[in-house]
Amino acid sequence: RVAPSGVAATSRVVVVRSFIERKPQPVSSSSCDPVGLVPSQRWDLDGSVKRCLEARFGAYLTGVAQFDPAPFGISPSEAALLDPQQRLLLEGMYEAVAAAAAGSRSSSDTGSSSSSRTATYVGVASSDYGSLVKSYSQAGAFHATANALSVTAGRMAFTFGFEGECQ
């Protein structure tokens with residue numbers, strides 16, 4: 001094979017077979033703006049004088065707490081501490097793998113990723129969730145892995161059987 005112009009012959013081809021998206025919904029039916037007050041369960045906006053809040057408004061996803069850990073082999077005690085970014089990635093990856101399998105054209109290509117050389121690359125943002133969990137609960141066995149964003153790509157790869165590069 002001849003590499004396309006500008007691409008090294010040793011470059012690998014990356015194929016994205018599926019894509020998922022999560023975005024905040026508008027706060028009212030009369031607006032397209034998803035920005036609203038910080039949800040009361042996130043933190044007490046008026047109660048704490050110790051905490052200086054930089055923002056009283058934000059755009060938040062709904063239903064993040066409605067996570068079923070069983071299909072992913074996560075115990076309920078770990079799921080209670082699990083950073084929402086990891087929950088959303090697990091659910092999204094499941095949807096993406098299912099969509100890729102459904103879109104597969106060849107009967108021999110089931111879209112299954114079990115024990116495949118599929119690489120896993122994940123980008124996550126910083127999170128205040130770990131510090132919030134520490135404020136309201138004692139550290140336990142799952143505290144580090146549930147809130148360390150550095151384990152996110154590994155969790156995805158392990159859960160879905162991806163055996164390629166993982167970053």
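A salt bridge is taken here as a side-chain nitrogen of Lys or Arg within 4 Å of a carboxyl oxygen of Asp or Glu, and the structure holds two salt bridges. The model is a predicted one, in which local features need pLDDT of at least 70 and side-chain atom pairs count only at pLDDT 80 or more, whereas totals for chains, interfaces and linings use all residues. Residues are numbered from 1 along each chain as its sequence is written, and side-chain values use heavy atoms, with hydrogens and water left out.

**Figure 1. Overview of the chain.**
The secondary structure comprises five helices and two strands, in the order β-β-α-α-α-α-α along the sequence. Helices (H or I, at least four residues) and strands (E, at least two) are DSSP runs, numbered from the N terminus. Of the 167 residues in the chain, 27% are buried. The term buried denotes under 20% relative accessible area, exposed over 50%, and partly exposed in between (1.4 Å probe, protein chains only). Among contacts (heavy atoms within 4.5 Å) with a separation of 6 or more, 62% are between residues 24 or more positions apart.

**Figure 2. The salt bridge between Arg22 and Glu95.**
The side chains of Arg22 and Glu95 form a salt bridge with an N to O distance of 2.8 Å. This pair links distant parts of the chain, 73 residues apart: Arg22 belongs to the segment before strand S1 (35–37), and Glu95 to helix H2. Arg22 is partly exposed, at a relative accessible area of 33%. Glu95 is also partly exposed, at 36%.

**Figure 3. The salt bridge between Glu78 and Arg155.**
In the salt bridge of Glu78 with Arg155, the closest N and O atoms are 2.9 Å apart. Glu78 in helix H1 and Arg155 in helix H5 are 77 residues apart, and the pair links distant parts of the chain. Both Glu78 and Arg155 are buried.

**Figure 4. Aromatic ring pairs around Phe72.**
Rings of Phe, Tyr and Trp (its six-membered ring) pair if their centres lie within 6.5 Å; planes under 30 degrees apart count as stacked, over 60 as edge-to-face and the rest as tilted. This rule gives three aromatic pairs. The rings of Phe67 and Phe72 are stacked, because their centres are 5.6 Å apart and their planes lie at 5 degrees. Phe67 and Phe72 are both buried. The rings of Phe72 and Phe160 have centres 6.4 Å apart and planes at 65 degrees, and the pair is therefore edge-to-face. The latter pair links distant parts of the chain, 88 residues apart: Phe72 is in the loop between strand S2 (57–59) and helix H1 (76–81), and Phe160 is in helix H5 (residues 152–160). Phe72 and Phe160 are both buried. Ring pairs join Phe67, Phe72, Phe160 and Phe162 into a cluster.

**Figure 5. The largest nonpolar core and helix H5.**
A nonpolar core is a set of buried Ala, Val, Leu, Ile, Met, Phe, Trp, Tyr and Cys residues joined through side-chain atoms within 4.5 Å. The largest such core has 14 residues, and those with the most contacts inside it are Phe67, Phe72, Ile74, Leu82, Leu90 and Phe160. At least two residues of this core come from each of H1, helix H3 (129–136) and H5. H5 supplies the largest share, three residues. The buried residues in H5 include Thr152, Ala153, Met156, Ala157 and Phe160. The cover over the buried residues of H5 includes H1, H2 and helix H4 (143–147). Just after H5, Gly161 adopts a positive phi of about 75 degrees.

Arg87 is located in helix H2 (residues 84–102). Arg87 is buried yet has no salt bridge, and the nearest side chain of opposite charge, Asp83, is 7.2 Å away. For this assignment, Lys and Arg count as positive and Asp and Glu as negative, while His and the chain ends are not counted. Not counting residues up to four places away in sequence, Arg87 touches Val64, Ala65, Phe67, Ala79, Ala80, Leu82 and Tyr129. Ala79 lies in helix H1 and is buried, with a relative accessible area of 11%. With the same exclusion of residues up to four places away in sequence, Ala79 touches Phe67, Pro69, Ile74 and Arg87. Ala79 and Ala146 are 67 residues apart in sequence, with a C-alpha to C-alpha distance of 7.5 Å.
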